[in-house]
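Welcome, and please open your viewer. We will go from stop to stop, and at each one you will hear what to select and what is there.

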Amino acid sequence: MSSYQLNYLEQLETESIHIFREVAAQFERPALLFSGGKDSITLVHLARKAFSPGAIPFPLVHIDTGHNFPEALQFRDWLAKEVRAELVVRKVEDTILERKLTEPKGKFPSRNWLQTYTLLDTIEEFKFDCCIGGARRDEEKARAKERIFSVRDEFGQWDPKLQRPELWSIYNGRIHKGENVRVFPISNWTELDIWNYIRNEKIDLPSIYFAHERDVIEHEGQLVALSQHVQPAEDDVILKKSVRYRTVGDMTCTAAVESNAATLDEVINEIISTRISERGETRIDDKVTEAAMEDRKKNGYF
Amino acid sequence: MDLLRFITAGSVDDGKSTLIGRLLYDSKNILIDQLEALEKSTKNRTDGSVDLALLTDGLRAEREQGITIDVAYRYFTTPKRKFIIADAPGHVQYTRNMITGASHANLIIILIDARQGVVEQTRRHSIIASLLRIPHVVVAINKMDLVDYSQDVYNNILIEYSKVAKQLELKNVSYIPISALNGDNIVEKSDLMGWYEGEPLLEFLEKVSVRSDVNLTDSRFQVQLVIRPQTEQLHDYRGYAGKIISGIYRKGDKVTVLPQQINSTISKLETGGLEVDEVFAPQPAIIHLADDIDISRGDTIVKSDNLPLINNELEVLLCWMDEKPLQPGNKYLLQHNSRLVKSSIKKIEYKLDVNSLQKQSAEGGVKLNEVVKVIIKTASPLVYDSYPKLNANGSAVLIDETSNNTVAAVLFQ
Ligand SMILES: Nc1nc2c(ncn2[C@@H]2O[C@H](COP(=O)(O)OP(=O)(O)OP(=O)(O)O)[C@@H](O)[C@H]2O)c(=O)[nH]1
Ligand SMILES: [Mg+2]
């Protein structure tokens, strides 16, 4: 402190808090999209710091696919109470019934794609003009291209060829009626930054981020936990393994990592030494096409 | 550990994306699955090599056309430093995306194709580096493999570029001959260019002193929002939340609120939810004043003994970033940090010619990618510093009220 210099984590925190305050000032009805994972938990922590001693001036919105880890849902409810934030939950299940959507089939039925419908309906229902998300640019190569204030048209679509210039720390959130801005306050954080910050700030996480025992099957080299949503096929070998999760998504499309890391320090050491990216190690659904993420974003996805 | 933000620039196909790919690859900052994906998407190459540019060219259209369209950000760490890289497009059509990346950079790497020398885009990007006062410039003379690693070629380009640098008053310019494709002088010093006495690029990037961009002398703070929880316990709480743009603020400091010109004293300071005795740039803070004053978003609080400029008619450099040319009679919104005011262009003084780097008359209006000096008039006074003196309080953007697009970068003079 005495040298009047911020280390890089403090610099990142500073940038994020500035962004949160711009959101609160520029938009009438913002919402924080809360997934239950470490990135959105970090977002909530940053939002709290940005507005303390006031409350977080927008609701946490969870688009519930129905395929979540029960531990993540419990944690979500606990956190919303803890920070005294309003929690809005909208279920993909309901959208499927209402809109007569076709459920994906297969062994790992991912509702990832269908979430977009529920998200856009929720935006419409509450007239949200801004949705804050926890995406990071280091996650994926389409995300590496997206602005911090990312304007979406009335269909929620991202047009990567028409992004507004975004200079210095000046954020232009002006939109026409019906349009919507997605804001990503932790764009410039890496996975490791998030973990280090969680350690420094002593942020609580759902237990599934730490090693625990689970029944899993192996699928193309990845470990997938058995649950009511993932049933073993006849020829699957059920293994009991000590695992942790590196990301928390749907049970049907998030792979576990074999690990004994029970503490934050141990997890961080493993993350430092791994040679596989977060997405590569944990997502079962992302390899379909090279532009999977870009395509989803163009369609209104987070 | 400190942080260096840098950007690659230069003309189309000069090898910016390849250079970044090479830097990440040779410094072992590419993970196995990313490498596999890369190999898969370049498997149709006959010589079996991978196209390192595909590491940052993440959009479908970019891969199809083999060009960069928008800035990609990559992050990597060596034992010495943490880096945030912006890979800019070289194509003139996407210059505004390059400016977006350049506005955050402490260092710019300008690539030059050794076969071509300095071309128009080299000059255009150099102008931007000069306008934005990026503290360090590295001129990477690339594709040395295609000119037999010739020292003469390197020297000629060095002489040619030095003239540009001099005219644009670029500071701290260094030159490195490289082959991004083959990895010469990127992470390891190349055996093929024994005549080059400097260090390879990565070593240079690790060593260059990051001049702290932060000005700690001229205290500037702009209110982003007023925090008034209005709960039972915090009934009378009223704090001004914002970022310390520059300088240091302490409890008890005599301050002036601008443009209102009202004096007060700092009664309490908070950052990160804690009460503190002092805050410094660029920390986020909440300032409390001893007096009840009407203050809202966009107002500035400065120390009373060090005042910024206050004007509603001022000289600025504009970099036009919209397809639609500047419409002289129109009103534009000017956003200066969090302050939004209406403005209009009163007079265009001159235009900067990219080729001669000379001032010329602004006849024919102001079009995409042009840099002009203008007099701008605002509906209410701006509280600012000149960009050369204090970047963080000297820059703004213009917004077209009807399209909502950000149409110009504004640098106060
Ligand atoms: N021989 C040779 N070819 C190179 C070198 N560096 C890049 N190239 C090739 O030049 C072409 C363009 O490279 P890119 O890295 O895509 O160029 P760029 O500067 O990023 O282009 P834009 O982003 O579209 O402006 C590719 O075919 C590269 O393989 C080099 O050092 N030597
Ligand atoms: Mg490129």
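Begin where the two chains meet: between chain B and chain A there are five salt bridges, a salt bridge being a side-chain nitrogen of Lys or Arg within 4 Å of a carboxyl oxygen of Asp or Glu. Select A:Asp193 and B:Lys82 to see a salt bridge between their side chains, at 3.0 Å from N to O.

Before moving on, a word on what you are viewing. This is a predicted model, in which local features need pLDDT of at least 70 and side-chain atom pairs count only at pLDDT 80 or more, while totals for chains, interfaces and linings use all residues. Residues are numbered from 1 along each chain as its sequence is written, chains are lettered from A and ligands numbered from 1 in the order in which they are written, and side-chain values use heavy atoms, leaving out hydrogens and water.

**The meeting of the chains**

Now select everything in chain B that touches chain A. Here 80 residues of chain B are in contact with 56 residues of chain A (contact means heavy atoms within 4.5 Å). About 5,900 Å² is buried between the two chains, and carbon and sulfur atoms give 56% of it; buried area is the accessible area (1.4 Å probe) that two parts lose on being put together, summed over both.

**The ligand**

Next, select ligand 1. Which residues are closest to ligand 1? Among the 20 that surround it, they are B:Lys16, B:Thr18, B:Thr68, B:Gly90 and B:Asp145, where a residue counts as near if one of its heavy atoms lies within 4 Å. This shell holds seven nonpolar, eight polar and five charged residues (Ala, Val, Leu, Ile, Met, Phe, Trp, Tyr, Cys and Pro count as nonpolar, Asp, Glu, Lys and Arg as charged, and the others, Gly among them, as polar).

Zoom in on B:Thr18: one of its polar side-chain atoms is 2.5 Å from an oxygen atom of ligand 1. At B:Asp145, a polar side-chain atom lies 2.7 Å from a nitrogen atom of the ligand.

**Two cis peptide bonds**

For the last stops, select B:Leu258 and B:Pro259, joined by a cis peptide bond with omega near 5°. Then try B:Ala281 and B:Pro282, where the bond is also cis, with omega about 0°.

Technical notes: Polar contact = N/O pair within 3.5 Å; in protein donor to acceptor, adjacent residues only side chain to side chain.
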